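Let's take a walk through a protein structure together.

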Amino acid sequence: MSEAAVVEARGLVVRYGDFTAVDRISFAVGRGEIFGFLGANGAGKTTTIRVLCGLLPPSEGGVSMAGVGYEQGERAIKEKVGYMSQRFTLYNDLTVGENLDFIASLRKLEPAAYRRRRRELLELIAFDKPMSAMVRDLSGGIKQQVSLAAALLHDPEIVFLDEPTAGVTPVGRERFWGLIRRVAGGGKTVFVTTHYMDEAEQCGRVALMREGRLVALDSPAGLKKTVFPEPVFEFDPIGRLSFDKLSAYKTHEAFSFFESYGPRFHAAAASPELWAAWAPRLEKLFRIRPIAPSLEDVFIRVVEARR
Amino acid sequence: MTFVPARAGAVARKEWFHIRRDPFTLALALVLPLLMVIVYGVAIDFNVKEIHLAVSDLDQSQASRRLIDTFSSSHYFRPRPEASAALATADLSDERARAALIIPPRFEKDLLAGRGAKVQILLDGADNSTVGPISQYVASIQALASRRLAGVDPSPPYQLRTRFLFNPELNSRWFVIPGLTVVIMAILSIFLTALTVAREWENGSMELLLSTPVEPIEIIVGKAAPYAALGILATAFVYVIARGVFGVPFAGHLWVFALGCLLFLVTYLAQGLLISVLTRQQTIAMQFSMLTGMLPSNLLSGFIFPIASMPRLFWYLTMLLPARWFMVISRHAFLEGSGFSELAVPFAALALSCATMVALAARSFRRTLE
């Protein structure tokens with residue numbers, strides 16, 4: 001991976017006074033990779049992204065973004081990356097054209113190159129409205145797509161998408177992920193944070209952060225294997241079970257993991273012996289079938305660190 | 001850190017689009033000065049003239065008529081004859097008159113007999129703002145009237161001649177309107193900057209701006225420029241109205257006034273920026289700008305209430321207020337034609353507060369980005 005690494009973080013530390021927001025994290029991301037960044041709120045995701053975007057010099061460690069780091073200046077990093085946040089996308093009281101023109105002039109793009117790039121990107125997102133359309137008249141999904149185009153306007157090698165599909169309809173999300181795959185297919189490295197596990201499944205690799213540390217980094221399939229070495233089962237209650245009884249299973253000796261999953265439960269066996277001893281009794285209460293753990297199970301086990 | 005004018009220009013252009021589509025901002029920038037000029041220039045007249053004077057002349061003599069004539073010929077009073085003392089008093093309580101003059105029946109006789117004739121003047125003490133000037137007028141008219149009634153040559157051994165310099169007619173508009181430029185600029189610059197920069201924080205677009213190569217200084221300059229232009233436009237507008245409509249003279253040098261304007265504008269733009277950085281929310285930013293910009297520039301700058309007569313503590317407090325110093329500069333530039341040498345103190349104070357405010361704003365802005 002290292003020879004093709006586009007994003008590289010080496011022992012990043014970010015401190016705010018006594019508080020360590022990011023604690024010695026290192027990783028490398030290759031060209032054209034879709035890299036998912038997951039973690040609970042306050043785990044240090046946003047701070048890490050700010051460092052990688054050239055917004056916040058780290059207290060220790062360094063980054064290499066398409067070959068440049070803080071040694072070359074924050075602006076050099078900003079030239080290499082595009083950034084799109086869920087909090088703010090485009091100015092509502094400006095037209096689509098005015099918004100794009102504004103970003104282009106902030107980045108001092110060549111007028112001819114800008115117009116060509118804009119046409120390409122609007123074709124990519126299949127934008128069929130006039131440039132004079134007011135942003136406030138666009139639907140949430142379209143707005144998100146135009147915002148992606150704005151982040152890609154300067155043709156960056158890396159693009160950060162901070163919860164890009166928050167508040168977008170399922171169809172809009174599906175379409176947006178289609179665009180992400182096309183952007184990555186075009187050779188750009190896509191860094192994405194999300195709270196949707198189905199979106200995390202679509203990432204090439206997923207990094208999990210907890211309390212400022214990188215606690216897991218692998219492909220979704222690899223994470224499931226390493227986080228759950230023991231067999232995992234789905235428990236479907238046959239009759240009604242009291243809340244107390246279900247809560248008791250969370251600390252039951254037969255399970256190393258027991259969490260609700262919709263109306264059902266996902267459980268991991270603590271050991272083959274204990275499982276063999278308890279299975280007959282449990283089968284009277286639940287329909288039990290072996291499954292592969294979901295990414296949500298991984299997230300709960302690693303990030304929320306129950307058990 | 002480098003400053004690229006083109007990027008600041010891009011921010012300024014974007015801001016202009018916001019202003020153009022936001023009726024509130026435009027209204028505030030254009031209608032407010034007009035409204036304030038009308039209210040302060042036309043509706044509120046601090047001059048006390050043509051005071052209605054209820055007159056009950058129970059003597060109906062040559063002397064009493066001469067006394068009344070002295071009042072009416074002064075142009076300060078407009079007599080309103082009433083049949084009895086009770087009716088004249090009633091005029092006061094019904095606010096048909098601000099003062100009442102009651103001449104008793106034996107006025108002329110007592111006067112001629114040298115028995116010390118008595119005349120009663122009643123003033124509406126509830127109206128604190130007019131009672132002072134009126135009693136002053138009454139005193140001077142009394143002096144004049146007693147000479148005329150005594151039939152002596154109205155030229156005493158010496159004459160005290162008061163001449164009011166710079167504003168010979170004591171026209172309050174001449175005094176108020178140059179002050180208005182201060183208040184209007186204070187409101188526009190603090191209010192609009194605080195609101196628009198707070199908006200970028202509030203909706204998260206500041207983060208997006210900062211993810212591009214734009215420098216913080218370019219954002220600030222770009223965002224402040226359109227509002228500075230609006231502030232200057234409003235000031236020019238007030239200036240034209242002052243000169244054209246109200247005939248306020250401009251005795252000084254335009255560039256002294258312009259430099260004062262610029263220093264003051266930059267100070268308050270910086271203060272607006274500081275507020276926006278500290279509050280980061282439009283609603284709180286609005287309240288803070290009212291509290292630290294609008295109110296002091298109205299009440300503590302000497303615009304309405306004279307600073308000299310403030311309690312000691314407030315008198316010292318006003319020293320910290322840029323509006324107080326610009327008020328001096330504006331009034332002196334308009335009415336006295338003062339140059340830099342006369343205005344050295346206010347200019348130094350204004351420059352100092354400008355530098356302090358810019359440094360404070362820049363520091364807090366820089367800090368929040370880290």
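How many Å separate the centres of domain 1 of chain A and domain 2 of chain A? The separation is 37 Å, taken over C-alpha atoms. Before we go on, please note that this is a predicted model, in which local features need pLDDT of at least 70, side-chain atom pairs count only at pLDDT 80 or more, and totals for chains, interfaces and linings use all residues. Residues are numbered from 1 along each chain as its sequence is written, while chains are lettered from A and ligands numbered from 1 in the order in which they are written.

Let's stay with chain A. Its domain 1 covers residues 2–218 and its domain 2 covers 225–302; these bounds come from an automatic or database domain assignment. Where the two meet, nine residues of domain 1 of chain A are in contact with seven residues of domain 2 of chain A. Here, contact is defined by C-beta atoms, placed from the backbone, that lie within 7 Å. On the domain 1 side, α7 (197–200), β8 (205–210) and β9 (213–218) of chain A are the elements that give two or more residues. The largest share, three residues, comes from β9(A). Sorted by class, this side has six nonpolar, no polar and three charged residues. In that sorting, Ala, Val, Leu, Ile, Met, Phe, Trp, Tyr, Cys and Pro count as nonpolar, Asp, Glu, Lys and Arg as charged, and the others, Gly among them, as polar.

Chain A has eleven helices and 13 strands. Helices (H or I, at least four residues) and strands (E, at least two) are DSSP runs, numbered from the N terminus. Look for the open sheet of three strands in the order β2-β1-β4 (chain A), where the pairing is antiparallel; two strands pair if DSSP finds at least two bridges between them. At its edges are β2 (19–30) and β4 (60–65) of chain A, each pairing on one side only. Strand β1 (residues 5–16) of chain A is joined to β2(A) by eight bridges, and Val7(A) has Val29(A) as its bridge partner in β2(A). Helix α1 (residues 45–52) of chain A packs on this sheet and touches β1, β2 and β4 of chain A, with its direction at about 120° to that of β1(A). Such angles run from 0 to 180 degrees between N-to-C directions, with axes fitted to C-alpha atoms, for helices over the stretch in contact.

Now turn to chain B. It is divided into domain 1 (5–44 + 171–369) and domain 2 (51–150), and their centres are 48 Å apart, taken over C-alpha atoms. Chain B has 14 helices and four strands. The radius of gyration of chain B, taken over C-alpha atoms, is 28 Å, well over the 21 Å that the globule rule gives for 370 residues, so chain B is more spread out than a compact globule. That rule is 2.2 Å times the number of residues to the power 0.38.

The four strands β2-β1-β3-β4 (chain B) form, in that order, an open sheet with mixed pairing. Its edge strands are β2 (77–82) and β4 (120–123) of chain B. Strand β3 (residues 99–103) of chain B pairs with β4(B) in the antiparallel sense over four bridges, and Ala100(B) has Leu122(B) as its bridge partner. Helix α4 (residues 85–93) of chain B packs on the sheet, touching β1, β2, β3 and β4 of chain B.
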